[in-house]
Amino acid sequence: MERETHAVSRRSALKFFGAAGGTLALANWTHATRATAASPDDAKPLESFTGPSANPHWNSVGPYVVEPQKAPLILLTDRPVQLETPRHYFRTVFTPNEAFYVRWHLAEIPNAVHLTEWKLRIEGNVNKPLAFSLSDLLQKFKPASVAAVNQCSGNSRSRLQPRVPGGQWGNGAMGNALWTGVRLRELLDAAGVKSGSLQVQFEGLDTGAGPKGFGSSRFQKSLDLANSVIDETIVAYLMNGEALPMLNGFPVRLVVPGYFATYWTKSLSWIRVLDTPDDNFWMKTAYRIPDTPRGTTTPEDLKGGKVKTIPIERMPVRSFLVSPDGSSKIPAGLGVTLSGIAFSGYGNVVKVEVSDNGGSHWHAAELGEDHGPYSFRGWQTSWTPKTPGKYVIATRATDEKGNVQPDEPVWNAGGYLWNRIEKQELVAGSANGGER
Amino acid sequence: MIGKRWKTGLLSIGTATLLAGGMLYAQLRSGSYGSRNAASMPQEPVPEFSADGKYDAGSYPSFTPELAAGDGKLEVQSFCATCHSTRYIIMQPPLPRATWDAEVNKMIKVYGAPIPEATAKRITAYLQEHYAPENRKE
């Protein structure tokens with residue numbers, strides 16, 4: 001008995017030494033781990049640029065920076081200021097003001113506004129040109145509110161293949177806020193739009209160093225007076241119940257629900273009624289999309305001069321997984337809530353579907369509170385990865401007009417209208433005791 | 001006999017200790033702080049305000065990185081930066097040579113940038129030399 005034990009324990013001791021050595025080398029001691037590169041802090045730092053392939057990250061790759069009245073956001077450019085909202089801020093349906101993305105076109109943007117001097121002017125083809133101070137807007141008009149998504153036309157531009165020049169946004173050039181202000185229609189009615197008027201033009205306090213008559217000196221956008229969106233448009237002095245940050249358009253900005261942000265003029269100071277179509281650079285040349293389904297074309301057709309363009313308007317339907325974001329592993333067998341947001345410029349999102357196999361099979365997620373047709377709509381669904389491995393989570397939204405997110409890319413020279421189904425890889429690890 | 005028992009006992013204790021130690025090592029990794037410096041940024045002070053009608057957010061900070069060294073860099077810095085910071089250049093993906101040519105032309109023809117022809121050529125060559133797919137480093 002003793003002998004046997006002895007013999008066995010000697011043999012098992014030898015075996016154990018081998019195993020122990022293996023364990024140390026394999027997994028969990030710092031130096032051993034370094035050698036096998038199994039630790040997140042061994043990962044390479046984020047690249048400083050992406051391309052010529054598509055940006056594989058949810059956000060763009062710039063550094064975090066702090067700008068006045070803002071939380072640390074992702075820098076695209078510093079003059080003029082362009083900042084992207086990090087993914088985790090979309091965990092709430094209303095995007096915090098201090099985290100709301102920033103996009104200016106011209107470098108001379110307001111640092112300070114003197115409200116004792118500042119006026120919003122309504123001029124042009126009107127019976128009675130008017131000028132309102134902020135307190136006039138607060139006191140003379142009944143406030144109106146709308147929850148609406150503001151999304152840059154070039155949001156997700158860094159996804160396009162081939163890549164196109166322009167702001168290389170990831171997905172964070174968007175945000176949702178409750179906007180409160182004066183209805184544009186009431187301002188127009190107060191001034192009296194003359195018959196024969198065609199458009200209404202908007203201009204803010206930003207100017208550029210370019211020569212007069214060029215788009216590099218002034219930024220102006222116009223909407224047709226016959227467009228029904230005019231009746232939904234608000235001149236907003238509140239954003240989520242607070243004054244707008246300077247970088248988001250203090251003291252007032254235009255809110256055009258459902259439309260891309262190019263029309264949402266910041267630090268709005270001139271409303272001009274026009275009796276001829278606006279042919280300034282920002283309407284005639286910039287912010288135009290191919291007149292094709294989804295606004296998509298090819299570099300070849302563009303070169304061939306075959307592409308007819310129209311001004312960009314409403315935002316196509318989109319959805320995003322916000323959490324989990326793939327930055328950590330999920331233990332297999334442990335449930336997790338997949339959650340995110342969806343929206344469409346064409347009205348309410350009626351369905352968000354989620355797939356854990358890259359889009360082969362879908363199931364409907366639970367929709368969050370309805371804040372109106374132009375707001376982010378939250379969604380969530382619980383999910384348990386049953387076995388260890390890599391899972392590709394895909395999300396697909398459908399809006400009330402029946403528009404469904406497709407899995408095909410978009411390409412146009414401006415890098416606009418990206419709304420392809422988003423995919424996120426999640427890794428489930430083993431939770432199995434004793435497994436090696 | 002006694003000696004042998006002793007040996008067996010010691011071996012068992014040693015084995016048990018190593019086994020326990022091995023299991024502990026296998027359960028976690030701890031005390032690792034890495035050698036990489038964490039990204040950090042200084043906090044911003046709260047400005048002083050008066051109760052007048054002036055709403056001042058202060059200056060917007062500059063975050064302009066160094067451009068690649070080479071012929072034409074000075075021209076890029078003086079001409080391009082008239083309207084926008086040169087971060088616009090490094091924010092782009094690596095762009096094909098023809099695209100850089102088109103971009104510089106767009107700045108002149110569409111945006112009205114007053115750049116003499118010879119300078120424009122040097123600017124284009126610089127961008128093509130440092131920010132195209134085949135040569136971009138930073």
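**Figure 1. The interface between chain A and chain B.** In this predicted model, 52 residues of chain A are in contact with 47 residues of chain B. Several elements of chain A each supply at least two residues of the side that touches chain B. The helices among them are α1 (2–28) and α2 (30–36). The strands are β1 (64–65), β2 (73–77) and β5 (112–114). Helix α1(A) gives the most to this side of chain A, with 9 residues. By residue class, the side of chain A that touches chain B divides into 27 nonpolar, 20 polar and 5 charged residues.

**Figure 2. A strand pair that crosses from chain A to chain B.** Strand β5(A) pairs with strand β1 of chain B, residues 54–56. The sense is antiparallel, and the pairing runs over 3 bridges. One residue pair marks the spot: A112(A) has D56(B), in β1(B), as its bridge partner. Strand β5(A) is also one of the elements that supply at least two residues of the side of chain A that touches chain B.

**Figure 3. The open sheet β1-β2-β3-β4 of chain A.** This sheet has 4 strands, and the pairing is antiparallel. Which strands stand at the edges? They are β1 and β4 (102–103) of chain A. Each has a single partner strand, so one side of each is left without a neighbour in the sheet. Strands β1(A) and β2(A) run antiparallel and are joined by 2 bridges. Here Y64(A) stands opposite I74(A), which belongs to β2(A).

Figure 4. Is β2(A) mostly covered or mostly open? It is mostly covered: 5 of its 5 residues are buried. Strand β2(A) also supplies at least two residues of the side of chain A that touches chain B. Within chain A, β2(A) pairs with strand β3, residues 82–84, in the antiparallel sense. That pairing runs over 3 bridges. L75(A) stands opposite L83(A) in β3(A). The two strands, β2(A) and β3(A), form a hairpin, and 4 residues lie between them.

**Figure 5. The two domains of chain A.** Chain A is divided into domain 1, residues 64–286, and domain 2, residues 318–429. How far apart do the C-alpha centres of domain 1 and domain 2 of chain A lie? The separation is 29 Å. Across the boundary, 23 residues of domain 1 of chain A are in contact with 22 residues of domain 2 of chain A. Strand β8 of chain A, residues 144–151, gives the most to the side of domain 1 that touches domain 2, with 4 residues. The residues of that side of domain 1 divide into 10 nonpolar, 9 polar and 4 charged.

**Figure 6. The open sheet β17-β19-β23-β22 of chain A.** Here, 4 strands form an open sheet with antiparallel pairing. The edge strands are β17 (318–323) and β22 (366–367) of chain A. Each of these edge strands pairs on one side only. Strand β17(A) is joined to strand β19 of chain A, residues 336–343, by 5 bridges. These two strands run antiparallel. To find the pairing, look for F320(A), which stands opposite I341(A) in β19(A).

**Figure 7. The fold of chain B.** Chain B has 5 helices and 1 strand. Along the sequence, the pattern is α-β-α-α-α-α. The strand is β1(B), residues 54–56, which pairs with β5(A). Of the 138 residues of chain B, 21% count as buried. Take the contacts in chain B with a separation of 6 or more: residues 24 or more positions apart account for 65% of them.

**Figure 8. N105(B) in helix α4 of chain B.** N105(B) sits in helix α4 of chain B, residues 97–109. Why does N105(B) count as partly exposed? It has 13 C-beta neighbours inside 10 Å. N105(B) and T124(B) are 19 residues apart in sequence. In space, C-alpha to C-alpha, N105(B) and T124(B) are 9.0 Å apart.

Definitions and conventions
Residues are numbered from 1 along each chain as its sequence is written. Chains are lettered from A and ligands numbered from 1 in the order in which they are written. This is a predicted model: local features need pLDDT of at least 70, side-chain atom pairs count only at pLDDT 80 or more; totals for chains, interfaces and linings use all residues. Two residues are in contact if their C-beta atoms, placed from the backbone, lie within 7 Å. Ala, Val, Leu, Ile, Met, Phe, Trp, Tyr, Cys and Pro count as nonpolar, Asp, Glu, Lys and Arg as charged, and the others, Gly among them, as polar. Two strands pair if DSSP finds at least two bridges between them. A residue is buried if 20 or more other C-beta atoms lie within 10 Å of its own, exposed if 12 or fewer, and partly exposed in between; C-beta atoms are placed from the backbone. Domain bounds come from an automatic or database domain assignment.
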